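Subject: A model for you, with some notes

Hi there,

Here is the structure I promised to send over. Have a look at it first, and then read on for what I found.

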Amino acid sequence: MRRFTTAPTTEEIVALADEALAWAQKRFPRDLAKLLEGVAIVVDDLPDDETVAEMGFESPWELTGLWRGVPLTQRSVLQTPDQPEMVHLYRLPILAEWIETGEDLSSLVRNVLIHEIAHHFGFSDEEIARLEREG
């Protein structure tokens with residue numbers, strides 16, 4: 001487990017996200033894990049203004065991650081995706097939460113990534129929150 005005493009770089013957050021994705025793929029049922037192959041992880045410092053507005057937030061600091069793509073539950077077998085499936089992680093809001101909560105950064109990145117993957121599988125925010133409370 002990595003320990004950070006200073007703010008990690010974008011590359012270090014990418015490495016944590018890659019580790020989290022590998023962790024998730026080992027724990028998900030094989031048929032679901034296979035669906036994560038080829039998913040791109042993009043780390044930006046902050047979401048752009050358009051994304052913030054689209055998601056209904058007032059501040060870019062409120063958004064730690066975002067799934068971009070069509071959830072599996074809304075896809076047609078014949079549908080060709082318009083864009084690649086991507087998980088966006090926002091470094092500065094994640095770091096702000098890390099400082100605020102004192103949570104282990106690897107765990108925090110993993111939680112954000114898993115939350116976004118759950119969206120990919122078609123879970124709503126309410127369903128994810130319920131699973132987190134029950135799990």
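Among contacts in the chain between residues at least 6 apart in sequence, 64% join residues at least 24 apart, where contact means heavy atoms within 4.5 Å. Before you go further, please note that this is a predicted model, in which local features need pLDDT of at least 70 and side-chain atom pairs count only at pLDDT 80 or more, while totals for chains, interfaces and linings use all residues. Residues are numbered from 1 along each chain as its sequence is written, and side-chain values use heavy atoms, with hydrogens and water left out.

The overall picture

The chain holds six helices and three strands; these are DSSP runs numbered from the N terminus, with helices being H or I of at least four residues and strands being E of at least two. Along the sequence they follow the pattern α-α-β-α-β-β-α-α-α. Of the 135 residues in the chain, 36% are buried, meaning under 20% relative accessible area, with exposed being over 50% and partly exposed in between (1.4 Å probe, protein chains only). The chain exposes about 8,400 Å², and carbon and sulfur atoms supply 51% of that; the areas come from the Shrake-Rupley method with a 1.4 Å probe, and for residues only the protein chains shown count as cover.

Helix H4 and its surroundings

Helix H4 covers residues 91-101 and packs with helix H5 (residues 105-120) at an angle of about 130°, their axes being 10 Å apart. Axes here are lines fitted to C-alpha atoms, for helices over the stretch in contact, and angles run from 0 to 180 degrees between N-to-C directions. That angle makes H4 oblique to H5: under 35 degrees would count as roughly parallel, over 145 as roughly antiparallel, and 65 to 115 as roughly perpendicular, with the rest oblique.

Which residues meet where H4 and H5 touch? From H4 come Ile-94, Leu-95, Glu-97 and Trp-98, and from H5 come Leu-105, Leu-108, Val-109 and Val-112. By class, this contact has seven nonpolar, no polar and one charged residues (Ala, Val, Leu, Ile, Met, Phe, Trp, Tyr, Cys and Pro count as nonpolar, Asp, Glu, Lys and Arg as charged, and the others, Gly among them, as polar).

The buried residues of H4 are Arg-91, Pro-93, Ile-94, Leu-95 and Trp-98. They pack against helix H1 (10-27), strand S1 (40-44), strand S3 (86-90) and H5. Just after H4, Gly-102 takes a positive phi of about 75°.

Pro-8 lies in the segment before H1 and is buried, with a relative accessible area of 0%. Leaving out residues up to four places away in sequence, Pro-8 touches Ile-13, Arg-91, Leu-95, Trp-98 and Leu-105. Pro-8 and Leu-95 are 87 residues apart in sequence, yet 8.3 Å apart in space, C-alpha to C-alpha.

Val-43 sits in strand S1 and is buried at a relative accessible area of 11%. Neighbours within four places aside, Val-43 is in contact with Thr-10, Ile-13, Val-14, Leu-89 and Arg-91.

Phe-57 is in the loop between helix H3 (49-54) and strand S2 (65-68). Its relative accessibility is 29%, so Phe-57 counts as partly exposed. Not counting residues up to four places away in sequence, Phe-57 touches Val-52, Glu-62 and Leu-63.

Best wishes
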